[in-house]
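Hello,

Here is the structure I promised to hand over. My notes on it follow below.

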Amino acid sequence: MSGAALGIEIVVVFFLALFLLHRYGDFKKQQRMVLFGTLLAWYLCFLIVFILPLDVSTTIYKQCLIDHEAHAQTPSVSPVLSNQTTPNTSISASKNTQHVCYKPWSYIPDGIMPVFWRVVYWTSQCLTWLLLPFMQSYARSGGFSITGKIKTALIENAIYYGTYLFIFGSLLIYVAVHPQWRLSWYELQTIGITAANTWGLFLLVLLLGYGLVEIPRSYWEASRQGHLLIKTYFKVAKLMTEKADSEENLEDVMEEVRKINESIKYNHPLRKNVDTILRKCPVEYQEKMGRNMDDYEDFDDKHNTYPTERSLSKLHKQVIYAVQRHNRTHVQWQILLEQAFHLEDVAKNETSTSRQFIHSFAPPEPVGWFRRYIYTPTIEWYWECLLKQWFYRILSVVLALFSVAVVWSECTFFSTRPVLSLFAVFIQLAERDYNYLYIEMACFITIFFLCTCVYSTVFRIRVFNYYYLASHHQTDAYSLQFSGMLFCRLTPPLCLNFLGLIHMDSAISHQEKEQTAYTSIMGSMRVLSFIANGFYIYYPMLIVILCIATYFSLGTRCLNLLGFQQFMGDEMTSDLIDEGRELLRRERRKRQRIEDGESRRREWRERYAQRDEIAARNRTSMSEMKETNYGETLNSNTNRQAKYTRGSSQTGRDSIELLQDAETLDFNAETLTDDPLQSEPGRHLTKTKQ
């Protein structure tokens, strides 16, 4: 199994990243460069999360071998062999203890992990600090050529890259003027890694403090069907406002496109740019505007004011954004309506005595075998009305306990004697028995929970519609690449923070132990002691204040005071809740009318189909009867014609015989006869000589 676990996880993580990208991105419409950059960023971040537990178990095994050699070099130590010794086991013993080292099933050979971490880390850092910002500006640019998009991207990122150079230069000067340090490539590399991790840790604590409270609370609120339905009414009203705003914005942009389409004629040099803009418009607007090819007036004949290429690029950018926003709000509106209808159905079915879940509307897709045989209406009623609520409550309590353990460990992980971090205690207990499977599972669950708290916050935050991750293939290229940048910046400091929680980072725990391969590529943080001994230790304690602020919804209250509508309960948002309830009633009546119309048309089609079938059957029988009568008539006529033909042929033969027995008559050579028998084939007239 040496290295097999690493290969399996590499393949599994790739398909996981591909699945998430398919859920949020659009493989058919978005650029291949955008999809590839986002997929690579997500894939590398998920690799770090999934492979780090294997690195921890391998490091613990190496530490065991080091301790074994230390015991072996002690004079009072004599080796004690066990009958259970295997080639993968190293044994040593002292007077009172027996030291056994078992190789983990997922052991990774020496030399693989350092190279692997270097490739993954530096590729992700190049993506987040260099390539993805450039690709983000390139994809958002309204240029009509590759050169124009590249130029726009470079101009937009000039300030961005200049800020990084200024920060790095400041740190470089600080290190250069320090008398005890000598600059080398290793130290410069460590300074760059420290700067990136410091920025990432600053953002990580903010997102983690929100997620540690919001994720358990979201599951607890999901168990309260009434509260969840009221919150959905609020979302319906808020999304309806956004939907109307997006439609109005699209109309304004399309009006500008129409004016430019009418002003720029077919022979204008910028006509091809206008055609490019028209292709980005919705189909119904393209049909309305069309191409202005019926007017062959030269554009120079009239001294009109024509737009410049720069203004067309700006309009092109506005069209892309307006169309994307309109499509996204439309899809989200349909999804939210389905959720609201389902919650109302749950509320109605809770009082049902038949214990069978009844839906208000028929599903748009045909019922599959799973719902027909396994997830039956009875099973669905028990799950939706009884079991689901208790499941969410238990899950919420478990996640809340996990959040408390994380907060406690973040505040006490610097203490090594005694060990106060709960995760360090769990790992050290498993390390004594060398239970590598437990170590890997504990590490994976902890990292997965931390990543869930951080990444879910990334997926939930929304910055004025410029950054918004929407499922069902509705995320634009800018938001996809921005999420890739955040993942690449947050994942390395998150993993370093986890290693500090379990006391596997010597820069924080100050213990002389074997370092993980991941920590070794980060370099020694002692180069910048004020960061290693100050910021990395005390800044995570800020998570306590952030969790308290999130618990009391201070951020939501501040946004509500600033004018951004937020759900604050039944009393403070009652107007929007009532509006959402009325909108949902209107949509329900509208959908009910559509379904009634469809059912009536279906009934008429079935009724007329039966009539048409009977009429077709009658026409078929009548045609068969006619064909039968016609066949009989045809047969009788044929028989009569055959009799007549035989009679006439007999009469003809008798006439020929009589003519042959008659005497020869004299005719002139030029005289012709009108004998009807002359037309018979082989019949020749006889001439007599005078």
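Helices are DSSP runs of H or I, at least four residues, numbered from the N terminus. Ser-553 follows H19 and has a positive phi, near 55 degrees.

This is a predicted model: local features need pLDDT of at least 70, side-chain atom pairs count only at pLDDT 80 or more, and totals for chains, interfaces and linings use all residues. Residues are numbered from 1 along each chain as its sequence is written, and side-chain values use heavy atoms, leaving out hydrogens and water.

Next, the rings. The whole structure holds 29 aromatic pairs. Rings of Phe, Tyr and Trp (its six-membered ring) pair if their centres lie within 6.5 Å; planes under 30 degrees apart are stacked, over 60 edge-to-face, the rest tilted. Phe-14 and Tyr-43 are edge-to-face, 5.6 Å centre to centre, with 90 degrees between the planes. Phe-14 lies in helix H1 and Tyr-43 in helix H2, so the pair ties together parts 29 residues apart in sequence. Phe-14 is partly exposed, at 32%. Tyr-43 is buried, at 14%. Elsewhere, ring pairs link Trp-42, Phe-46, Tyr-455 and Phe-487 into a cluster.

Best wishes

Conventions. Helices (H or I, at least four residues) and strands (E, at least two) are DSSP runs, numbered from the N terminus. Buried means under 20% relative accessible area, exposed over 50%, partly exposed in between (1.4 Å probe, protein chains only).
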